[in-house]
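Here is a briefing on a protein model. Please keep the sequence and the 3D view open as you read.

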Number of protein chains: 2
Amino acid sequence: MLHLVIAEAELELVPKAILDHPAIVNHARRRGKRPDEILLDGTYHHAAIKKLPDGERRGRPDIVHVCLLNALESIANKEGLLRVYVHTRNDEVIYIKPETRIPRNYNRFVGLMESLFKNRAVPRDLELLRIEEKSLEELVEELNPDGVFVMHENGEPAKPSEFGKTLSELREPTVIVGGFPHGDFRAEPPGKKISLYNAPLMAWTVVNEVIISFEHWIL
Amino acid sequence: MLHLVIAEAELELVPKAILDHPAIVNHARRRGKRPDEILLDGTYHHAAIKKLPDGERRGRPDIVHVCLLNALESIANKEGLLRVYVHTRNDEVIYIKPETRIPRNYNRFVGLMESLFKNRAVPRDLELLRIEEKSLEELVEELNPDGVFVMHENGEPAKPSEFGKTLSELREPTVIVGGFPHGDFRAEPPGKKISLYNAPLMAWTVVNEVIISFEHWIL
């Protein structure tokens with residue numbers, strides 16, 4: 001079973017410090033929600049996000065959305081060989097049941113995440129997604145992996161295919177992919193750093209390379 | 001060079017027959033556009049789309065969006081080994097320069113496509129994307145491939161890795177992936193049918209499998 005962690009994902013509700021900013025207030029009103037109920041989104045809240053620490057990389061639910069669409073619709077997931085987790089910048093972990101059908105439409109995905117932050121599980125009966133306060137270290141410890149890898153620009157170079165072979169030889173390999181647009185992890189993640197390419201890649205590209213390279217040795 | 005065609009994609013402006021439907025008129029007004037300027041979108045126009053032929057599968061710009069994000073951010077594309085085309089249900093072909101950075105935000109992508117349908121090229125100076133009236137057959141003929149493959153549920157079974165090897169041994173292989181949510185191609189596409197899995201896959205999953213399996217034999 002491959003455990004895939006989207007780590008330090010830029011997924012959060014609007015922080016208190018900018019709840020009164022006109023960019024937030026107006027966007028919330030247009031959506032018929034309260035400012036403290038909506039996801040921070042760089043596309044719409046640029047003027048407000050600039051005022052936050054790490055402002056240039058925050059508010060990127062789109063990265064989580066595309067990573068999840070790819071991971072959950074992968075052959076590996078259909079074969080029951082994959083588990084996917086989202087760890088956020090605020091040390092929360094979203095557990096996702098493999099049978100979950102993530103909304104294809106971005107705006108509906110945003111609505112789902114807002115409901116998840118509010119209710120801690122969606123839908124309430126099935127709990128396909130649930131969120132808990134948890135650090136990346138605690139999550140990795142809980143997964144009890146026999147190998148932990150961090151996908152990183154400055155990691156040990158490995159061809160995707162070779163890396164897939166390494167994963168396939170483990171019982172419970174865990175792979176950590178940064179869920180942010182650029183830059184480095186804010187906290188050093190546990191695990192061996194691996195680089196699949198000699199230039200930065202988008203998070204969803206790394207997700208695809210890892211899952212499909214793993215599949216090739218398993219299926 | 002691998003040529004990837006997203007074919008019969010469900011990407012179109014709102015058809016004349018439903019321009020007056022309240023679901024369309026209201027959505028256009030909310031977006032500050034004319035009804036004939038907006039993309040058909042199943043998420044918002046469900047009540048209107050039902051009245052169209054093939055209504056249950058139309059209005060899916062999201063599928064094109066995710067396929068393009070994956071293809072254009074792939075290692076194969078960064079290495080100059082990939083060309084991507086979108087063929088629509090109305091027999092138009094969108095040519096995309098490999099260096100194009102597709103908007104990450106879905107709503108911005110929709111705006112870009114609307115601008116493309118209106119102006120036939122965006123941005124006007126660089127023409128990173130341009131659209132022409134053209135059938136799938138005409139496009140494939142123009143690409144002058146030495147192998148054409150149609151990804152299809154009922155095709156000849158092939159492991160993704162084996163199929164990647166086949167592609168890697170050709171000079172200009174062309175792979176056709178249906179850009180619709182379910183069902184079959186409306187017109188029989190040219191090429192040898194290949195099935196990568198024993199159950200239906202989302203279009204973006206097939207795109208990922210094809211590109212990454214190809215990369216493994218090339219890089």
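This is a predicted model: local features need pLDDT of at least 70, side-chain atom pairs count only at pLDDT 80 or more; totals for chains, interfaces and linings use all residues.

Residues are numbered from 1 along each chain as its sequence is written, chains are lettered from A and ligands numbered from 1 in the order in which they are written, and side-chain values use heavy atoms, with hydrogens and water left out.

**Symmetry**
- Chain B superposes on chain A by a rotation of 180 degrees, with 0.0 Å of shift along the axis and an RMSD of 0.0 Å.
- Contact means heavy atoms within 4.5 Å.

**Interface**
- In chain B, 35 residues are in contact with 35 residues of chain A.
- The two chains bury about 3,000 Å² between them, and 54% of it is on carbon and sulfur atoms. Buried area is the accessible area (1.4 Å probe) that two parts lose on being put together, summed over both.
- On the chain B side, Ile75(B), Tyr197(B) and His216(B) lose the most area to chain A. Together they give 18% of what that side buries.

**Helix α5 of chain B**
- Helix α5(B) spans residues 106-119 and has 14 residues. Helices (H or I, at least four residues) and strands (E, at least two) are DSSP runs, numbered from the N terminus.
- From first C-alpha to last, α5(B) reaches 20 Å, close to the 20 Å expected at 1.5 Å a residue. The expected span is 1.5 Å times one less than the number of residues.
- Its buried residues are Tyr106(B), Phe109(B), Val110(B), Met113(B), Glu114(B), Leu116(B) and Phe117(B). Buried means under 20% relative accessible area, exposed over 50%, partly exposed in between (1.4 Å probe, protein chains only).
- Down the axis of α5(B), these buried residues fall within an arc of 160 degrees, so they line one face of the helix. The arc is that of the directions from the helix axis to the C-beta atoms.
- Arg108(B) and Lys118(B) are exposed on the other side of α5(B).
- The cover over the buried residues of α5(B) includes α5 of chain A, along with α1, α3, β3, β4 and β5 of chain B.
- At the start of α5(B), a side-chain oxygen of Asn105(B) comes within 2.9 Å of the backbone nitrogen of Asn107(B).
- Arg120(B) follows α5(B) and has a positive phi, near 70 degrees.

**Asn208(B)**
- Asn208(B) lies in helix α8 (residues 203-218) of chain B.
- Asn208(B) counts as buried, at 5% relative accessibility.
- Beyond its neighbours within four places in sequence, Asn208(B) is in contact with Asn70(A), Asn208(A), Ile212(A) and Asn70(B).

**Backbone details**
- A cis peptide bond joins Val122(A) and Pro123(A), with omega about -25 degrees. Pro123(A) sits in the loop between β4 and β5 of chain A.
- In chain B, the peptide bond from Val122(B) to Pro123(B) is cis, with omega near -25 degrees.
- Asp54(A) has a positive phi, near 60 degrees, in a residue other than glycine. Asp54(A) is in the loop between α2 and α3 of chain A, and is partly exposed at 31% relative accessible area.
- Phi of Asp54(B) is also positive, near 60 degrees.

Note on methods:
Copies are superposed by least squares on the C-alpha atoms of residues with pLDDT of at least 70 in both. A polar contact is a pair of N or O atoms within 3.5 Å; within protein, one must be able to donate a hydrogen and the other to accept it, and residues adjacent in sequence count only if both atoms are side-chain atoms.
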